[in-house]
Structures are given as C-alpha cells and as structure tokens.
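Please examine the structure shown below together with its sequence. The paragraphs that follow lead through its sheet, one of its loops and a pair of its helices.

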Amino acid sequence: MDPEILDYPDLQPLIALHGRAQEELASATDDESLRSWHSRYLGDKGEVKLAIKKVGTIPAHERRGYGQAVNRIKDSLTEAYETALTRAKERALESSLTAQALDVTLPGRPLQRGRLHLATQTLREIYAIFADLGFQIYRSREVESDENNFELLNMPLHHPARDMWDTFHTTTPGVLLRTHTSPGQIHVMRELCPEPVRVILPGMCYRYEAITPRSEIMFHQVEGLAVGAHITMADLKGTVTAFARRLFGEERTIRIRSSYFPFTEPSIEVDVDWPEDDPNADRLTKGTGWLEIMGAGMVHPVVLKNGGYDPDKFSGFAFGMGPQRIAMLKYGIDDIRQFWANDLRFLQQF
C-alpha cells in the first residue's frame, strides 16, 4: 500500500494489519488454512471488519482518509485470498489426479433404458391387430355432451340404462366426462356418412366409482365400429375370433353369450377359453374355464339413424374392451390400481 496517496495521518496500524495478513496468507497452502485465514481477517468478526467498524470513532476531518485506507486494504486482501484459493484448488486437483490416476479406458456407467407402460404396450398390440384387419384409428373428445354420451346412443333422459354408468358431471349443464368411448360412434358416423365405416376408437373414460382392485375412476377403452351394407353377426363373430386368436393364441376357442347394451341389438358378451394347465386358470376364470374379453353386438337401428345412416339400407356391428383388463387377464395381474401407481417394481416386469 502506498501511504502517500491516502489522506490519513496514522496509517501504521493499518499497514501493519495488511502486512501481517499477507504474510499469513502466503503460508496458508491448503483449503482448510485458507478458510481459517479468511475468518480471521475477512470474516464477519475478522480484523478488517473491525477496522471498518472503527471508522465511526475517527475524527470527522480524518474519517475520509481512514475509510479509503481500510477499504483498499479490504480489496487488496480479498483479491489476494481469491487468488490463493484458486491456486490451492489447482494444486489439490493436480495432486488428486497424480495420486488417483483416471483410467479413461474404463466403460461408463450404463444408462437405464426406459420402456413403454404396460397399458401402452397393450394398446399398441390391439392397434396392430385391428390395423391388419383393415380398421383405422379414430380419436374423439373426452369431454362430451349428455346428448352424445347417452341420448344419441339410445339412452334418453331417465332411461334406466343410464344407471350402468356413474358419471362425472361438470359445472356446465349437459357437459360431462365421457363414461365410455361409444359417443365416438356418433362423431365418426356423422363425419363419414354415407361412406362405409371401419374404425377403432381408443381413449380414456371416466366413471364416478369406488377405487378397488377391480375398478378405477379412469381407464382406457377401445371401441370398434363397422358400418356398411349387408354387415351381419357372422362378420362380427369372425372379427372378434380373429382378434382373440391373434392376442391370446391361435388355439383359442371363442364363446358368445347373449347380453344387453342399449346401443346394440342383439348384444353379446365374448369369452375366450383358458388353458386348464395354467396355474392361474381357476382364479382368472372363476372355475368356468372361460374368460370374458369384450362386449359387442349389432348397432341398434336408433343409433344408426342418429349417426346419419338409414337402418333399412345399412347395418353394422360394434364392440368394446378395456386394455387394462386385457393386460390383467393376459399377465395375471390382480389389482387394476397398479396401472396408475407408478411403482417401478411393477412396471419393470413388463
């Protein structure tokens, strides 16, 4: 420090502080000793901070010169400390590299590969099968009107069939979260009429139900729809048989049972036989040897008419299934909640 450029008569204590600090800094060679030095001189209770606080006791006519001197000491020591700290880190790194040489030929840590969710895998498998059968994918909205979700599907207001679906209603009257993918039938028919239709309609559905090992408030569905001239129950049977055998195995046998759905007539349930030697057979089939995989039927004339087709000239079939249920049946999963738990112990098995 050059005392001639500072307007303060007694610089000796500050010059002594600066010199002592520099000598000690020169002997501090590692990180620990450097930080100890910093606390002693530049810390909140260090000598430089105490010297700065002393400015209030200096006579007013000398205060400016004292302040300049102590601030220059602080700046000088701070810069010297940072330089010394950088050099100490460089020496430590060089020492570490010398003592623990890095073998750059070692292989890196393997990255864990991600994978598709089981529900997505099942959906893509279903898509591929129906694509081979000539079906296109058609996506429709998840927020629906009451008219599309119920009325146009042959379920007018107060129809008892509505009790089959516990519904999430919105604050807008007549607007709800779709309870099934069947409203997509109305959308696709009105868009393509009078052309033939052969589509599957995948998507999320929502129902106000208790969450249990067998039910969830949201789940995937895949709806299928074929409309054209002279489509019969034989076409429906052939389609679901081809699908089931592609998905579960060529040796599978299909069983069709009568059922009821308001938007199909006649309506059926489709079962597939399950190998008796499978240790999970009794649990999956409840001892019957048959496993239900979907509901289906011939499109109801009222639904065809609401879609824009003349039921006297056109006919069609529809079917619906749950990909999560398909996956549960195929892989012996007994709790549907696992699909939404994001538990890697479950997901990494598939």
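The model is a predicted one, and strand S1 (residues 136-137) is where its confidence is highest, at a mean pLDDT of 96.

In general, the strands of a sheet are held together by backbone hydrogen bonds, in either a parallel or an antiparallel arrangement.

On one side, strand S5 (residues 218-228) runs antiparallel to S9 and is joined to it by seven bridges. On the other, strand S8 (residues 290-299) pairs with S9 over four bridges, again in the antiparallel sense. Phe319 of S9 takes part in both pairings: Gly224 stands opposite Phe319, and Phe319 is also the bridge partner of Ala296. Because six of the seven residues of S9 are buried, the strand is largely enclosed by the rest of the structure.

Asp312 is located between helix H10 (301-306) and strand S9 (315-321). Asp312 counts as exposed because its relative accessible area is 73%, above the cut-off of 50%. Although 83 residues separate Asp312 from Ala229 in sequence, their C-alpha atoms are 9.6 Å apart in space.

Attention may now turn to the helices. Helix H1 (residues 12-27) packs against helix H4 (residues 60-99) at an angle of about 5°, and their axes are 10 Å apart. H1 is therefore roughly parallel to H4, as the angle falls under 35 degrees. H1 contributes Leu14, His18, Ala21, Gln22 and Leu25 to the contact, while the residues from H4 include Tyr66, Val70, Ile73, Leu77 and Tyr81. The contact comprises 11 nonpolar residues, three polar ones and no charged ones.

The average pLDDT of the protein is 86, and 96% of the residues score at least 70. Helix H9 (residues 281-285) has the lowest confidence, with a mean of 70. Over residues 1-7 the pLDDT stays under 50, and the model has 12 contacts for this stretch beyond four places in sequence.

Terms used:
Residues are numbered from 1 along each chain as its sequence is written. This is a predicted model: local features need pLDDT of at least 70, side-chain atom pairs count only at pLDDT 80 or more; totals for chains, interfaces and linings use all residues. Side-chain values use heavy atoms; hydrogens and water are left out. Axes are lines fitted to C-alpha atoms, for helices over the stretch in contact, and angles run from 0 to 180 degrees between N-to-C directions. Helices (H or I, at least four residues) and strands (E, at least two) are DSSP runs, numbered from the N terminus. Angles under 35 degrees count as roughly parallel, over 145 as roughly antiparallel, 65 to 115 as roughly perpendicular and the rest as oblique. Contact means heavy atoms within 4.5 Å. Ala, Val, Leu, Ile, Met, Phe, Trp, Tyr, Cys and Pro count as nonpolar, Asp, Glu, Lys and Arg as charged, and the others, Gly among them, as polar. pLDDT is the predictor's confidence in each residue, from 0 to 100. Buried means under 20% relative accessible area, exposed over 50%, partly exposed in between (1.4 Å probe, protein chains only). Two strands pair if DSSP finds at least two bridges between them.
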